[in-house]
Amino acid sequence: SEMSHPDRASSCARDVAAALYGKELGSQQDCDELWHRLSSLVEDGLSGLAGKPYGALQKAFELLFTGATYEMRLKTQIGDSTACGFAPVGPDREDAAKKPFLTIPVQPGNKTLKQALEEFTSWSSTGGDEVPWTQERFRRIPPFLCFASRQVSALEWEESLNLTRFVVPASASMQKSCYEQSKALQLQSELRDALEHLVPARRSAAKANAVSCRSLEAEVAKLADVCQHLDAQLEPLAAQIAELERSIGDGFEELDLEDFLVGAVDAAKVKSVIRERLGVDTVKLLADKLYDGGKPSETVAQLVQGTGACLSQAQADAMLAKLKSRWEDHHAHMFDIHGIVLYQGLGQWGHYVAFIRQADGPFLCFDDEQVRELPDAAAVRAEIAERGGEGLPASVRMVVFRRRITPADSELAPIELDGPQVSAVANGTPVNGTKREHTDCGGEGAAGDAKRPRT
(Lines give C-alpha, C1' and ligand atoms only; values in the text may rest on other atoms or scores of the structure.)
Protein backbone atom coordinates (compact mmCIF):
# COMPACT_ATOMS: atom_id res chain seq x y z
CA SER A 1 0.00 0.00 0.00
CA GLU A 2 0.98 3.63 -0.29
CA MET A 3 1.30 3.99 3.48
CA SER A 4 3.80 1.12 3.82
CA HIS A 5 5.86 1.88 0.73
CA PRO A 6 9.60 2.19 1.58
CA ASP A 7 9.80 5.58 -0.19
CA ARG A 8 7.25 7.06 2.19
CA ALA A 9 9.05 9.02 4.92
CA SER A 10 6.41 8.60 7.61
CA SER A 11 2.76 7.92 8.34
CA CYS A 12 0.52 9.68 10.79
CA ALA A 13 -1.71 7.86 13.24
CA ARG A 14 -4.77 8.48 11.07
CA ASP A 15 -3.05 6.83 8.10
CA VAL A 16 -2.41 3.73 10.19
CA ALA A 17 -5.99 3.77 11.49
CA ALA A 18 -7.33 4.07 7.94
CA ALA A 19 -5.33 1.02 6.90
CA LEU A 20 -6.59 -0.96 9.89
CA TYR A 21 -10.22 0.14 9.90
CA GLY A 22 -10.96 1.00 6.27
CA LYS A 23 -14.56 2.15 5.97
CA GLU A 24 -15.04 1.69 9.71
CA LEU A 25 -12.74 4.61 10.49
CA GLY A 26 -14.49 6.90 12.92
CA SER A 27 -16.60 4.29 14.67
CA GLN A 28 -15.62 2.96 18.09
CA GLN A 29 -13.44 -0.14 17.84
CA ASP A 30 -12.33 -2.56 20.53
CA CYS A 31 -8.62 -2.12 21.21
CA ASP A 32 -8.15 -5.90 21.20
CA GLU A 33 -9.54 -5.96 17.65
CA LEU A 34 -7.22 -3.09 16.74
CA TRP A 35 -4.26 -5.05 18.08
CA HIS A 36 -5.16 -8.04 15.91
CA ARG A 37 -5.63 -5.89 12.85
CA LEU A 38 -2.24 -4.29 13.45
CA SER A 39 -0.73 -7.76 13.74
CA SER A 40 -2.39 -8.74 10.47
CA LEU A 41 -1.06 -5.61 8.80
CA VAL A 42 2.49 -6.31 9.99
CA GLU A 43 2.51 -10.05 9.34
CA ASP A 44 0.39 -10.25 6.19
CA GLY A 45 -0.07 -6.79 4.73
CA LEU A 46 3.64 -6.01 4.57
CA SER A 47 4.67 -9.47 3.36
CA GLY A 48 3.61 -8.81 -0.22
CA LEU A 49 6.05 -5.96 -0.77
CA ALA A 50 8.85 -6.73 -3.18
CA GLY A 51 12.14 -7.44 -1.45
CA LYS A 52 10.42 -7.70 1.94
CA PRO A 53 11.78 -4.36 3.22
CA TYR A 54 9.96 -4.76 6.52
CA GLY A 55 11.23 -8.24 7.34
CA ALA A 56 13.07 -6.96 10.41
CA LEU A 57 9.92 -5.22 11.66
CA GLN A 58 7.86 -8.38 11.20
CA LYS A 59 10.42 -10.46 13.06
CA ALA A 60 10.63 -7.93 15.89
CA PHE A 61 6.84 -7.79 16.27
CA GLU A 62 6.58 -11.56 16.54
CA LEU A 63 9.51 -11.74 18.94
CA LEU A 64 8.18 -9.03 21.26
CA PHE A 65 4.42 -9.60 21.27
CA THR A 66 3.45 -13.09 20.08
CA GLY A 67 3.20 -15.89 22.62
CA ALA A 68 2.26 -19.55 22.20
CA THR A 69 0.62 -22.33 24.19
CA TYR A 70 0.10 -26.03 23.73
CA GLU A 71 -2.96 -28.03 24.68
CA MET A 72 -3.02 -30.85 27.24
CA ARG A 73 -6.02 -33.20 27.34
CA LEU A 74 -7.64 -35.59 29.77
CA LYS A 75 -9.37 -38.49 28.09
CA THR A 76 -12.19 -40.57 29.54
CA GLN A 77 -11.10 -44.04 30.63
CA ILE A 78 -11.95 -46.75 28.12
CA GLY A 79 -15.23 -48.47 28.91
CA ASP A 80 -16.38 -45.81 31.37
CA SER A 81 -17.73 -42.56 29.98
CA THR A 82 -17.97 -41.07 33.49
CA ALA A 83 -14.44 -41.84 34.72
CA CYS A 84 -11.53 -39.54 33.93
CA GLY A 85 -8.34 -40.32 35.82
CA PHE A 86 -5.51 -37.82 35.88
CA ALA A 87 -3.26 -38.96 33.04
CA PRO A 88 -2.93 -35.90 30.77
CA VAL A 89 -1.75 -36.40 27.21
CA GLY A 90 -0.16 -33.90 24.88
CA PRO A 91 -1.52 -32.36 21.69
CA ASP A 92 -2.56 -34.66 18.86
CA ARG A 93 -2.57 -31.96 16.16
CA GLU A 94 0.04 -29.53 14.93
CA ASP A 95 -2.32 -26.59 15.48
CA ALA A 96 -2.71 -27.61 19.14
CA ALA A 97 1.04 -27.98 19.71
CA LYS A 98 1.91 -24.33 19.17
CA LYS A 99 -1.13 -22.08 19.41
CA PRO A 100 -0.18 -18.40 18.96
CA PHE A 101 -1.80 -15.66 21.02
CA LEU A 102 -1.49 -11.90 21.14
CA THR A 103 -3.48 -11.19 24.29
CA ILE A 104 -4.71 -13.03 27.35
CA PRO A 105 -8.48 -12.47 27.69
CA VAL A 106 -9.82 -10.94 30.88
CA GLN A 107 -13.07 -12.78 31.62
CA PRO A 108 -16.14 -11.05 33.16
CA GLY A 109 -15.54 -12.69 36.56
CA ASN A 110 -11.86 -11.76 36.78
CA LYS A 111 -11.15 -9.03 39.31
CA THR A 112 -7.37 -9.03 38.81
CA LEU A 113 -4.99 -9.89 36.00
CA LYS A 114 -3.55 -12.70 38.09
CA GLN A 115 -7.00 -14.30 38.03
CA ALA A 116 -7.14 -13.85 34.25
CA LEU A 117 -3.73 -15.50 33.90
CA GLU A 118 -4.74 -18.41 36.12
CA GLU A 119 -8.03 -18.92 34.26
CA PHE A 120 -6.25 -18.82 30.90
CA THR A 121 -3.99 -21.70 31.99
CA SER A 122 -6.42 -23.66 34.17
CA TRP A 123 -8.11 -26.94 33.28
CA SER A 124 -11.34 -26.22 31.43
CA SER A 125 -14.37 -28.42 30.86
CA THR A 126 -15.13 -29.03 27.18
CA GLY A 127 -18.59 -30.44 27.82
CA GLY A 128 -17.63 -33.48 25.76
CA ASP A 129 -17.44 -37.19 26.57
CA GLU A 130 -14.18 -38.48 25.12
CA VAL A 131 -11.98 -35.51 26.10
CA PRO A 132 -13.87 -33.78 28.92
CA TRP A 133 -11.00 -31.51 30.09
CA THR A 134 -8.27 -29.50 28.37
CA GLN A 135 -5.59 -27.12 29.59
CA GLU A 136 -3.42 -24.50 27.93
CA ARG A 137 0.25 -24.42 28.94
CA PHE A 138 2.77 -21.84 27.85
CA ARG A 139 5.32 -22.72 25.19
CA ARG A 140 6.47 -19.15 24.67
CA ILE A 141 5.87 -16.10 26.87
CA PRO A 142 6.58 -12.86 24.98
CA PRO A 143 8.58 -10.08 26.67
CA PHE A 144 5.56 -7.80 26.28
CA LEU A 145 2.56 -9.68 27.71
CA CYS A 146 -0.82 -8.14 26.85
CA PHE A 147 -4.17 -8.57 28.62
CA ALA A 148 -7.39 -7.48 26.90
CA SER A 149 -10.85 -6.85 28.31
CA ARG A 150 -14.01 -6.21 26.29
CA GLN A 151 -16.16 -5.36 29.27
CA VAL A 152 -16.98 -2.13 31.06
CA SER A 153 -15.96 -2.97 34.59
CA ALA A 154 -13.65 -2.13 37.44
CA LEU A 155 -10.44 -4.10 36.91
CA GLU A 156 -7.70 -4.06 39.52
CA TRP A 157 -4.44 -4.19 37.58
CA GLU A 158 -1.26 -5.15 39.36
CA GLU A 159 2.01 -3.22 39.08
CA SER A 160 3.90 -6.52 38.75
CA LEU A 161 3.02 -10.09 37.79
CA ASN A 162 4.96 -13.18 38.82
CA LEU A 163 5.02 -15.76 36.02
CA THR A 164 7.60 -18.07 37.60
CA ARG A 165 5.07 -20.78 38.46
CA PHE A 166 4.08 -20.94 34.78
CA VAL A 167 7.72 -21.35 33.72
CA VAL A 168 9.01 -23.85 36.26
CA PRO A 169 7.72 -27.38 35.50
CA ALA A 170 5.23 -28.53 38.12
CA SER A 171 5.36 -31.95 39.73
CA ALA A 172 2.71 -34.55 38.91
CA SER A 173 1.12 -34.10 42.33
CA MET A 174 0.93 -30.32 41.91
CA GLN A 175 -0.60 -30.70 38.46
CA LYS A 176 -3.22 -33.07 39.85
CA SER A 177 -4.06 -30.68 42.69
CA CYS A 178 -4.55 -27.86 40.16
CA TYR A 179 -6.81 -30.12 38.11
CA GLU A 180 -8.87 -31.04 41.18
CA GLN A 181 -9.14 -27.35 42.02
CA SER A 182 -10.41 -26.55 38.51
CA LYS A 183 -12.99 -29.33 38.76
CA ALA A 184 -14.19 -28.14 42.18
CA LEU A 185 -14.45 -24.51 41.03
CA GLN A 186 -16.35 -25.57 37.91
CA LEU A 187 -18.76 -27.65 40.00
CA GLN A 188 -19.26 -24.76 42.41
CA SER A 189 -20.05 -22.42 39.52
CA GLU A 190 -22.52 -24.86 37.97
CA LEU A 191 -24.29 -25.49 41.29
CA ARG A 192 -24.67 -21.78 41.95
CA ASP A 193 -25.96 -21.23 38.43
CA ALA A 194 -28.47 -24.06 38.83
CA LEU A 195 -29.73 -22.68 42.14
CA GLU A 196 -29.99 -19.21 40.66
CA HIS A 197 -32.59 -20.60 38.24
CA LEU A 198 -34.21 -23.26 40.43
CA VAL A 199 -34.97 -21.11 43.48
CA PRO A 200 -37.12 -18.62 41.53
CA ALA A 201 -38.71 -21.58 39.71
CA ARG A 202 -39.63 -23.12 43.06
CA ARG A 203 -41.25 -19.87 44.19
CA SER A 204 -43.21 -19.59 40.95
CA ALA A 205 -44.31 -23.22 41.24
CA ALA A 206 -45.49 -22.55 44.80
CA LYS A 207 -47.61 -19.63 43.54
CA ALA A 208 -49.00 -21.78 40.76
CA ASN A 209 -49.81 -24.46 43.33
CA ALA A 210 -51.79 -21.97 45.39
CA VAL A 211 -53.74 -20.83 42.34
CA SER A 212 -54.50 -24.42 41.25
CA CYS A 213 -56.03 -25.43 44.59
CA ARG A 214 -52.91 -27.33 45.69
CA SER A 215 -52.82 -29.58 42.62
CA LEU A 216 -49.05 -29.15 42.27
CA GLU A 217 -48.01 -30.14 45.79
CA ALA A 218 -45.83 -33.04 44.60
CA GLU A 219 -44.01 -30.93 42.02
CA VAL A 220 -43.34 -28.12 44.49
CA ALA A 221 -42.01 -30.63 47.01
CA LYS A 222 -39.70 -32.17 44.39
CA LEU A 223 -38.33 -28.76 43.44
CA ALA A 224 -37.77 -27.92 47.11
CA ASP A 225 -35.92 -31.22 47.63
CA VAL A 226 -33.71 -30.60 44.60
CA CYS A 227 -32.84 -27.07 45.76
CA GLN A 228 -32.07 -28.29 49.26
CA HIS A 229 -29.91 -31.14 47.94
CA LEU A 230 -27.91 -28.88 45.62
CA ASP A 231 -27.49 -26.19 48.28
CA ALA A 232 -26.17 -28.79 50.72
CA GLN A 233 -23.31 -29.53 48.33
CA LEU A 234 -21.93 -25.99 48.47
CA GLU A 235 -20.55 -25.93 52.02
CA PRO A 236 -18.39 -29.09 51.80
CA LEU A 237 -17.35 -28.03 48.30
CA ALA A 238 -16.17 -24.66 49.64
CA ALA A 239 -14.14 -26.47 52.30
CA GLN A 240 -12.58 -28.69 49.62
CA ILE A 241 -11.65 -25.65 47.52
CA ALA A 242 -10.10 -23.93 50.54
CA GLU A 243 -8.01 -27.01 51.32
CA LEU A 244 -6.86 -27.27 47.70
CA GLU A 245 -5.91 -23.58 47.68
CA ARG A 246 -3.94 -24.16 50.86
CA SER A 247 -2.10 -27.18 49.46
CA ILE A 248 -1.37 -25.46 46.12
CA GLY A 249 -0.14 -22.28 47.80
CA ASP A 250 1.87 -20.23 45.30
CA GLY A 251 1.93 -23.13 42.88
CA PHE A 252 5.37 -24.43 43.87
CA GLU A 253 6.25 -27.77 45.39
CA GLU A 254 7.35 -27.12 48.99
CA LEU A 255 9.35 -29.17 51.50
CA ASP A 256 8.08 -29.91 54.98
CA LEU A 257 9.09 -27.31 57.54
CA GLU A 258 11.62 -29.60 59.20
CA ASP A 259 13.28 -30.47 55.89
CA PHE A 260 13.31 -26.85 54.72
CA LEU A 261 14.92 -25.59 57.94
CA VAL A 262 17.45 -28.40 58.35
CA GLY A 263 20.85 -26.93 59.18
CA ALA A 264 19.27 -23.63 60.29
CA VAL A 265 16.87 -24.46 63.13
CA ASP A 266 16.82 -27.77 65.00
CA ALA A 267 13.70 -29.94 65.11
CA ALA A 268 12.87 -28.99 68.72
CA LYS A 269 12.87 -25.26 67.85
CA VAL A 270 10.82 -25.90 64.74
CA LYS A 271 8.17 -27.52 66.90
CA SER A 272 8.17 -25.06 69.82
CA VAL A 273 8.86 -21.80 67.97
CA ILE A 274 7.76 -22.16 64.37
CA ARG A 275 4.80 -24.47 64.69
CA GLU A 276 3.49 -23.63 68.18
CA ARG A 277 4.48 -20.04 68.87
CA LEU A 278 4.11 -18.68 65.33
CA GLY A 279 1.27 -21.04 64.41
CA VAL A 280 2.95 -21.90 61.11
CA ASP A 281 2.72 -25.34 59.54
CA THR A 282 3.94 -24.79 55.95
CA VAL A 283 6.96 -23.17 54.32
CA LYS A 284 4.67 -20.72 52.50
CA LEU A 285 3.11 -19.51 55.74
CA LEU A 286 6.59 -19.20 57.26
CA ALA A 287 7.69 -17.06 54.31
CA ASP A 288 4.52 -14.96 54.49
CA LYS A 289 5.09 -14.27 58.18
CA LEU A 290 8.86 -13.75 58.22
CA TYR A 291 9.89 -12.72 54.68
CA ASP A 292 6.86 -11.16 53.00
CA GLY A 293 7.73 -8.86 50.11
CA GLY A 294 11.29 -10.15 49.95
CA LYS A 295 12.36 -8.48 53.20
CA PRO A 296 12.63 -9.73 56.80
CA SER A 297 9.64 -8.80 58.94
CA GLU A 298 9.69 -7.33 62.44
CA THR A 299 8.68 -10.73 63.77
CA VAL A 300 12.20 -12.03 63.08
CA ALA A 301 13.75 -9.41 65.38
CA GLN A 302 11.18 -10.23 68.06
CA LEU A 303 12.15 -13.89 67.95
CA VAL A 304 15.79 -12.93 68.56
CA GLN A 305 15.68 -9.83 70.74
CA GLY A 306 12.15 -9.36 72.04
CA THR A 307 10.53 -10.53 75.24
CA GLY A 308 10.82 -14.27 75.41
CA ALA A 309 13.45 -14.41 72.65
CA CYS A 310 13.75 -17.98 71.49
CA LEU A 311 16.16 -17.99 68.53
CA SER A 312 19.82 -17.05 68.35
CA GLN A 313 20.99 -14.51 65.81
CA ALA A 314 22.82 -17.27 63.95
CA GLN A 315 19.66 -19.37 63.71
CA ALA A 316 17.64 -16.38 62.50
CA ASP A 317 20.28 -15.49 59.89
CA ALA A 318 20.44 -19.07 58.60
CA MET A 319 16.64 -19.23 58.37
CA LEU A 320 16.48 -15.89 56.55
CA ALA A 321 19.13 -17.07 54.10
CA LYS A 322 16.92 -20.02 53.18
CA LEU A 323 13.87 -17.79 52.87
CA LYS A 324 15.80 -15.33 50.70
CA SER A 325 16.92 -18.12 48.36
CA ARG A 326 13.33 -19.38 48.18
CA TRP A 327 12.07 -15.88 47.39
CA GLU A 328 14.57 -15.47 44.54
CA ASP A 329 13.69 -18.88 43.09
CA HIS A 330 9.97 -18.10 43.25
CA HIS A 331 10.38 -14.66 41.64
CA ALA A 332 12.79 -15.49 38.83
CA HIS A 333 10.40 -14.40 36.06
CA MET A 334 8.75 -11.09 36.86
CA PHE A 335 6.79 -8.77 34.56
CA ASP A 336 6.19 -5.09 35.36
CA ILE A 337 3.42 -2.77 34.21
CA HIS A 338 4.37 -1.03 30.96
CA GLY A 339 1.21 0.34 29.38
CA ILE A 340 -2.54 0.78 30.00
CA VAL A 341 -5.29 1.56 27.50
CA LEU A 342 -8.36 3.18 29.03
CA TYR A 343 -11.77 3.48 27.37
CA GLN A 344 -14.12 6.21 28.50
CA GLY A 345 -17.63 6.05 27.11
CA LEU A 346 -20.54 3.81 26.20
CA GLY A 347 -21.40 1.68 23.19
CA GLN A 348 -20.33 3.12 19.86
CA TRP A 349 -19.27 6.44 21.34
CA GLY A 350 -16.20 6.84 23.49
CA HIS A 351 -12.62 7.92 23.86
CA TYR A 352 -9.34 6.06 24.35
CA VAL A 353 -6.47 7.24 26.55
CA ALA A 354 -3.10 5.49 26.83
CA PHE A 355 -0.62 5.48 29.73
CA ILE A 356 2.92 4.37 28.86
CA ARG A 357 5.64 3.83 31.43
CA GLN A 358 9.04 5.35 30.71
CA ALA A 359 12.39 3.71 31.40
CA ASP A 360 13.02 5.96 34.43
CA GLY A 361 9.65 5.20 36.05
CA PRO A 362 7.10 7.97 35.30
CA PHE A 363 4.15 7.43 32.95
CA LEU A 364 3.18 9.52 29.93
CA CYS A 365 -0.57 10.02 29.46
CA PHE A 366 -1.53 10.25 25.77
CA ASP A 367 -4.93 11.92 25.39
CA ASP A 368 -5.30 12.86 21.71
CA GLU A 369 -2.92 15.77 21.14
CA GLN A 370 -2.32 16.29 24.87
CA VAL A 371 0.61 14.49 26.52
CA ARG A 372 1.17 14.75 30.27
CA GLU A 373 3.59 13.08 32.67
CA LEU A 374 2.35 11.19 35.73
CA PRO A 375 4.95 10.35 38.39
CA ASP A 376 3.98 6.76 39.20
CA ALA A 377 1.35 4.00 39.06
CA ALA A 378 -0.57 5.53 41.97
CA ALA A 379 -1.04 8.71 39.94
CA VAL A 380 -2.29 6.63 37.00
CA ARG A 381 -4.85 4.93 39.24
CA ALA A 382 -6.00 8.32 40.52
CA GLU A 383 -6.32 9.63 36.96
CA ILE A 384 -8.40 6.62 35.91
CA ALA A 385 -10.64 6.96 38.98
CA GLU A 386 -11.16 10.66 38.26
CA ARG A 387 -12.07 10.00 34.64
CA GLY A 388 -14.58 7.40 35.78
CA GLY A 389 -16.33 10.05 37.82
CA GLU A 390 -16.86 12.48 34.95
CA GLY A 391 -20.29 11.14 34.00
CA LEU A 392 -19.09 8.40 31.66
CA PRO A 393 -17.75 5.01 32.78
CA ALA A 394 -14.02 4.54 32.37
CA SER A 395 -12.71 1.00 32.07
CA VAL A 396 -9.29 -0.49 31.47
CA ARG A 397 -9.41 -2.33 28.15
CA MET A 398 -5.79 -3.40 27.71
CA VAL A 399 -2.82 -3.78 30.05
CA VAL A 400 0.71 -4.50 28.83
CA PHE A 401 3.45 -5.94 31.04
CA ARG A 402 7.15 -5.88 30.23
CA ARG A 403 9.49 -8.68 31.24
CA ARG A 404 11.88 -7.61 33.99
CA ILE A 405 15.47 -7.94 32.82
CA THR A 406 17.85 -9.77 35.16
CA PRO A 407 21.67 -9.68 35.17
CA ALA A 408 21.63 -13.03 33.37
CA ASP A 409 19.68 -11.57 30.42
CA SER A 410 21.60 -10.03 27.56
CA GLU A 411 18.49 -8.63 25.84
CA LEU A 412 14.72 -8.43 26.05
CA ALA A 413 13.66 -11.82 24.71
CA PRO A 414 10.72 -14.22 25.04
CA ILE A 415 10.78 -17.10 27.49
CA GLU A 416 10.97 -20.27 25.39
CA LEU A 417 9.63 -23.39 27.14
CA ASP A 418 9.70 -27.05 26.31
CA GLY A 419 6.51 -28.81 25.33
CA PRO A 420 5.41 -32.28 24.26
CA GLN A 421 5.76 -33.47 20.69
CA VAL A 422 2.66 -33.98 18.60
CA SER A 423 1.64 -37.60 19.04
CA ALA A 424 -0.88 -37.69 16.19
CA VAL A 425 -2.90 -35.47 13.89
CA ALA A 426 -6.48 -35.46 12.76
CA ASN A 427 -8.01 -37.53 9.98
CA GLY A 428 -6.01 -40.61 10.88
CA THR A 429 -2.72 -39.30 9.44
CA PRO A 430 0.25 -40.98 11.13
CA VAL A 431 2.65 -38.71 13.02
CA ASN A 432 5.72 -39.93 14.89
CA GLY A 433 4.63 -43.49 14.09
CA THR A 434 1.19 -43.05 15.68
CA LYS A 435 -2.10 -43.14 13.85
CA ARG A 436 -4.93 -41.18 15.40
CA GLU A 437 -8.50 -42.33 14.96
CA HIS A 438 -11.08 -39.64 14.48
CA THR A 439 -12.31 -38.34 17.85
CA ASP A 440 -14.88 -35.85 18.95
CA CYS A 441 -13.96 -33.82 22.01
CA GLY A 442 -17.33 -32.32 22.49
CA GLY A 443 -20.07 -33.94 20.52
CA GLU A 444 -23.05 -31.94 19.40
CA GLY A 445 -22.88 -28.34 20.53
CA ALA A 446 -19.40 -28.73 21.96
CA ALA A 447 -18.00 -25.78 20.07
CA GLY A 448 -19.86 -23.36 22.28
CA ASP A 449 -18.67 -25.08 25.43
CA ALA A 450 -15.04 -25.46 24.41
CA LYS A 451 -12.03 -23.73 25.89
CA ARG A 452 -12.53 -20.00 26.41
CA PRO A 453 -11.95 -17.83 23.33
CA ARG A 454 -8.33 -17.15 22.53
CA THR A 455 -7.08 -13.82 21.26
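**Exercise 1. Is Tyr352 buried, partly exposed or exposed?**

Solution. The model is a predicted one, in which local features need pLDDT of at least 70 and side-chain atom pairs count only at pLDDT 80 or more, while totals for chains, interfaces and linings use all residues. Residues are numbered from 1 along each chain as its sequence is written, and side-chain values use heavy atoms, with hydrogens and water left out. The classes rest on relative accessible area, found with a 1.4 Å probe and protein chains only: buried is under 20%, exposed is over 50%, and partly exposed is in between. Tyr352 has 26% relative accessibility, so Tyr352 counts as partly exposed. Tyr343, by contrast, has 1% and therefore counts as buried.

**Exercise 2. Describe the pair formed by Phe101 and Phe138, and state which strands hold the two residues.**

Solution. A pair of aromatic rings is described by the distance of the centres and the angle of the planes. Rings of Phe, Tyr and Trp (its six-membered ring) pair if their centres lie within 6.5 Å, and planes under 30 degrees apart count as stacked, over 60 as edge-to-face and the rest as tilted. The structure holds 14 aromatic pairs. For Phe101 and Phe138 the values are 5.9 Å centre to centre and 50° between the planes, a tilted pair. Strands are DSSP runs (E, at least two residues) and helices likewise (H or I, at least four), numbered from the N terminus. Phe101 belongs to strand E2 (residues 99-101) and Phe138 to strand E5 (residues 133-141), so the pair ties together parts that are 37 residues apart in sequence. Phe101, at 2% relative accessibility, counts as buried, and Phe138, at 4%, counts as buried as well.

**Exercise 3. How are helices H11 and H13 oriented to each other, and which residues make their contact?**

Solution. Axes are lines fitted to C-alpha atoms, for helices over the stretch in contact, and angles run from 0 to 180 degrees between N-to-C directions. The axes of H11 (residues 283-290) and H13 (residues 313-330) come within 11 Å and cross at roughly 105°. Angles under 35 degrees count as roughly parallel, over 145 as roughly antiparallel, 65 to 115 as roughly perpendicular and the rest as oblique; H11 and H13 are therefore roughly perpendicular to each other. Contact means heavy atoms within 4.5 Å, and H11 contributes Val283, Lys284, Leu286, Ala287 and Leu290, while H13 contributes Met319, Leu320, Leu323 and Arg326.
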